[in-house]
Amino acid sequence: MNDKLKTFSCDMLFSSILELKNISECYKFFEDICTVNELKSLAQRLEVAKMLTDGETYSAIVQKTGASTATISRVNRALNYGSGGYKIILNRLNQ
């Protein structure tokens with residue numbers, strides 16, 4: 001975990017997310033807290049992470065998601081050298 005992110009505000013945000021009970025509540029909360037573009041960017045990154053772990057090529061990911069190669073590289077770097085957050089979520093989604 002990055003100590004620079006560890007703040008009361010981030011703790012409150014993450015605790016709030018953990019209180020959401022279903023997808024409908026997630027949509028309501030995230031529509032209020034994020035812009036449409038921010039939310040689409042977050043969703044796109046998760047989709048890119050899944051596709052990378054499934055062995056998709058950069059060109060296939062660009063074609064299917066519209067993500068830039070810079071975004072794909074950033075997600076790939078996080079998958080390989082990050083804190084493991086993508087892997088936690090992708091493993092749980094596959095169960």
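I take helices (H or I, at least four residues) and strands (E, at least two) as DSSP runs, numbered from the N terminus. With that in hand I looked up N91 and placed it in helix α6.

**Ground rules.** I am working on a predicted model, in which local features need pLDDT of at least 70 and side-chain atom pairs count only at pLDDT 80 or more, while totals for chains, interfaces and linings use all residues. I number residues from 1 along each chain as its sequence is written, and side-chain values use heavy atoms, with hydrogens and water left out.

**Overall layout.** I counted six helices and zero strands in the chain. From the N terminus on, I read the order of elements as α-α-α-α-α-α. The C-alpha trace spans about 40 × 30 × 30 Å along its principal axes. I use buried for under 20% relative accessible area, exposed for over 50%, and partly exposed for values in between (1.4 Å probe, protein chains only). On that scale 16% of the 95 residues of the chain count as buried. Contact here means heavy atoms within 4.5 Å. Among contacts in the chain with a separation of 6 or more, 32% come from residues 24 or more positions apart.

Rolling a probe the size of a water molecule over the atoms shows where empty space is left. I used a 1 Å grid over the protein atoms alone: a cavity is a set of points where a 1.4 Å probe fits but cannot get out, whereas a pocket is an open set with protein on both sides within 12 Å along at least five of seven lines, and lining residues have an atom within 4 Å of a point. Grid points are joined across faces, edges and corners, and a volume is the space filled by probe spheres set on the points. The largest pocket came out at about 1800 Å³. Its lining has 33 residues, of which I17, F30, L42, L46 and I89 are the closest to the centre. Which helices supply at least two residues each to this lining? I noted α1 (8-19), α2 (23-33), α3 (36-53), α5 (69-81) and α6 (85-94). For residue classes I count Ala, Val, Leu, Ile, Met, Phe, Trp, Tyr, Cys and Pro as nonpolar, Asp, Glu, Lys and Arg as charged, and the others, Gly among them, as polar. The lining then divides into 22 nonpolar, six polar and five charged residues.

**Aromatic pair.** I pair rings of Phe, Tyr and Trp (its six-membered ring) if their centres lie within 6.5 Å; planes under 30 degrees apart count as stacked, over 60 as edge-to-face and the rest as tilted. A search of the whole structure gave me one aromatic pair. F29 and F30 form it, edge-to-face, at 5.4 Å centre to centre and 80° between the planes. F29 counts as partly exposed because its relative accessibility is 23%, and F30 counts as buried because its value is 19%.

I found T65 in helix α4 (residues 58-65). Is T65 buried or exposed? At 17% relative accessibility, T65 is buried. Leaving aside neighbours within four places in sequence, T65 is in contact with Q44, E47, V48 and M51. I call a pair of N or O atoms within 3.5 Å a polar contact; within protein, one must be able to donate a hydrogen and the other to accept it, and residues adjacent in sequence count only if both atoms are side-chain atoms. A polar atom of the T65 side chain lies 3.0 Å from the backbone nitrogen of A67. T71 sits in helix α5 and is buried at 12% relative accessibility. Not counting residues up to four places away in sequence, T71 touches Q44 and R45.

K87 is in helix α6 and is partly exposed, with a relative accessible area of 43%. What does the side chain of K87 reach? I traced the side chain of K87 to the backbone oxygen of L79, at 3.0 Å. N91 is partly exposed at 48% relative accessibility. N91 and K50 are 41 residues apart in sequence and 9.8 Å apart in space, C-alpha to C-alpha.

**E25.** I found E25 in helix α2, partly exposed at 32%. E25 touches E19 and L20, not counting residues up to four places away in sequence. From E25 to I72 I have 47 residues in sequence and 29 Å in space, C-alpha to C-alpha.
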